Amino acid sequence: MRDGEVLIGQRRADQPMASLWEFPGGKIEAGESPQQALARELIEELGIRASIGPPVTRIRHNYRHGGAVDLQFFSVREFVGEIQNRIYQQVRWVKLAELPAYEFLAADRALIRDLAAGKLL
């Protein structure tokens, strides 16, 4: 987060759930904590070394096709390096109040409403 904005990424056309927006991050690998996984993913996806802050929220989302994901969101207020878009169609800094204007992954939508309403961060 910087100056009341958060960084979001749009999935590429060749990815599942193409063109939807999401927050950078990814799967936890064996032996990693959620914070370590996010730090690794931010290096891989954006080329930055981030200081992972406190947890923001945790969401369990059940998809209609039967799959489920357990998402953990953390605040990142400091990082070193220039953001490089390594995996997304595009990345943007967006004000919290503007988040609902973007089409996010279904699992992120409740979080988007809460962020935009000022309930988190």
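The structure discussed here is a predicted model. Arg49 has its place in strand 3.

Apart from neighbours within four places in sequence, Arg49 is in contact with Ile43, Phe79 and Val80. Phe79 lies 30 residues away from Arg49 along the chain, yet the two C-alpha atoms are separated by 5.4 Å.

Is His61 buried or exposed? With a relative accessibility of 18%, His61 counts as buried, since the limit for that class is under 20%.

Once neighbours within four places in sequence are set aside, the contacts of His61 are Gly67, Ala68 and Val69, together with Ala106 and Ala107.

## Fold and overall dimensions

The protein chain contains two helices and five strands. Their order along the sequence is β-β-α-β-β-β-α.

The C-alpha trace spans about 40 × 35 × 30 Å along its principal axes. The radius of gyration of the protein chain is 14 Å, which agrees with the value near 14 Å that a compact globule of 121 residues would have. Of the contacts between residues at least 6 apart in sequence, 59% join residues at least 24 apart.

## Surface and charge

Buried residues account for 34% of the 121 residues in the protein chain. The accessible surface of the chain is about 7,300 Å², and carbon and sulfur atoms contribute 49% of it.

Positive side chains number 16, and negative side chains also number 16. The centres of these two sets are 4 Å apart.

## Nonpolar cores

The largest nonpolar core has 15 residues, and those touching the most other members are Ile8, Phe23, Leu99, Phe104, Leu111 and Leu115. At least two residues of this core come from each of strand 1 (5-10), strand 3 (49-62) and helix 2 (109-116). Helix 2 gives the largest share, three residues.

Which residues does Phe104 touch, not counting those up to four places away in sequence? They are Ile8, Leu20, Trp21, Glu22, Phe23, Leu99, Arg109 and Ile112. Ile8, Phe23 and Leu99 are also among the core residues listed above with Phe104.

## Positive phi angles

Most residues other than glycine have a negative phi. Met17 is not a glycine, but its phi is positive, at about 55°. Met17 is found in the loop that runs between strand 1 and strand 2 (21-22). Its relative accessibility is 40%, so Met17 counts as partly exposed.

Leu121 is another residue other than glycine with a positive phi, near 65°. Where is Leu121 found? Leu121 belongs to the segment after helix 2. Leu121 counts as partly exposed because its relative accessibility is 45%.

How values were computed:
Residues are numbered from 1 along each chain as its sequence is written. This is a predicted model: local features need pLDDT of at least 70, side-chain atom pairs count only at pLDDT 80 or more; totals for chains, interfaces and linings use all residues. Side-chain values use heavy atoms; hydrogens and water are left out. Helices (H or I, at least four residues) and strands (E, at least two) are DSSP runs, numbered from the N terminus. The radius of gyration is taken over C-alpha atoms; the globule rule is 2.2 Å times the number of residues to the power 0.38. Buried means under 20% relative accessible area, exposed over 50%, partly exposed in between (1.4 Å probe, protein chains only). Contact means heavy atoms within 4.5 Å. Accessible areas come from the Shrake-Rupley method with a 1.4 Å probe; for residues, only the protein chains shown count as cover. Lys and Arg count as positive and Asp and Glu as negative; His and the chain ends are not counted. The place of a charge is taken as NZ of Lys, CZ of Arg, CG of Asp or CD of Glu. A nonpolar core is a set of buried Ala, Val, Leu, Ile, Met, Phe, Trp, Tyr and Cys residues joined through side-chain atoms within 4.5 Å.
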